[in-house]
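Welcome! Take a moment to look over the sequence and the 3D view, and then let us walk through them together.

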Amino acid sequence: MLNDIQEVLYDADQIQQKVSELGAIISREFEGRNPLVICVLKGAFIFMSDLVKTIDIPLEIDFMAVSSYGQSTKTSGVVKIIKDLDSPVQGRDIVIVEDIIDSGLTLSYLIDVLERRNAKSVTLVALFDKPTGRKVELEADYKGFVLPDAFVVGYGLDYAEKYRNLPLIGILKPEIYEK
Ligand code: PRP
Ligand code: MN
Ligand code: MG
């Protein structure tokens, strides 16, 4: 698997350090608010699991599965809800946990859905940000790393469902998806 990586951008230790910093901020910000922390499947599953372990206040978790990339390296622009939340959102402080913001389409769609369901507040936490990919205006409230304009995999992020289990984030060799 590592053979397919052209360049490691951040290794497991660097990621863990950043995740803890984000967890500390969320603990402070949401103390006494019992936030509903939503993992955006599948990509955010590793970040979610590491992040909530660094948050030391009461919270609830839920999962939503959406997809817009499918088997491609480019977004289809159409966001599909594959699995919806179990919990009602009305009146809750929502924290969306996302692995990466690229075009911004997935998240702007999701924020819209949650606001229409009358969330009390919606806060966006993204571990990675690729600002060069933006198609709609969208910023995370809290973010980890800003990434260059390259197709990255690992730490939950896939290419055609592979590489999610790499503990690091790296640039995929173009020959892998160009063939
Ligand atoms: C990826 C990633 C984000 C989204 C970001 O998900 O995990 O959710 O794309 O891209 P955007 O800002 O251009 O919308 P994907 O659709 O590949 O589904 P997955 O999480 O199941 O891999
Ligand atoms: Mn995703
Ligand atoms: Mg994907």
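Helices (H or I, at least four residues) and strands (E, at least two) are DSSP runs, numbered from the N terminus.

In soluble globular proteins, nonpolar side chains tend to be buried together.

Let us stop at Ile38, which is found in strand S2 (residues 36-41). Is isoleucine 38 buried or exposed? Isoleucine 38 counts as buried because it has 27 C-beta neighbours inside 10 Å. Leaving aside neighbours within four places in sequence, isoleucine 38 is in contact with Asp62, Met64, Leu85, Ile94, Val95, Ile96 and Val97; a contact means that two C-beta atoms, placed from the backbone, lie within 7 Å.

## Around ligand 1

Ligand 1 is surrounded by 17 residues, the closest being Gly43, Tyr69, Asp102, Ser103 and Thr106; to count as near, a residue needs its C-beta atom, placed from the backbone, within 6 Å. Strand S5 (93-101) and helix H3 (105-116) are the elements that give two or more residues to this shell, and the largest share, 4 residues, comes from S5.

By class, the shell has 5 nonpolar, 7 polar and 5 charged residues. Ala, Val, Leu, Ile, Met, Phe, Trp, Tyr, Cys and Pro count as nonpolar, Asp, Glu, Lys and Arg as charged, and the others, Gly among them, as polar.

## The whole protein

The protein has 4 helices and 9 strands. Of its 179 residues, 33% count as buried.

## Confidence and conventions

The average pLDDT (the predictor's confidence in each residue, from 0 to 100) is 95, and 99% of the residues score at least 70. Residues are numbered from 1 along each chain as its sequence is written, while chains are lettered from A and ligands numbered from 1 in the order in which they are written. In this predicted model, local features need pLDDT of at least 70 and side-chain atom pairs count only at pLDDT 80 or more, whereas totals for chains, interfaces and linings use all residues.

Conventions: Buried ≥ 20, exposed ≤ 12 C-beta atoms within 10 Å, placed from the backbone.
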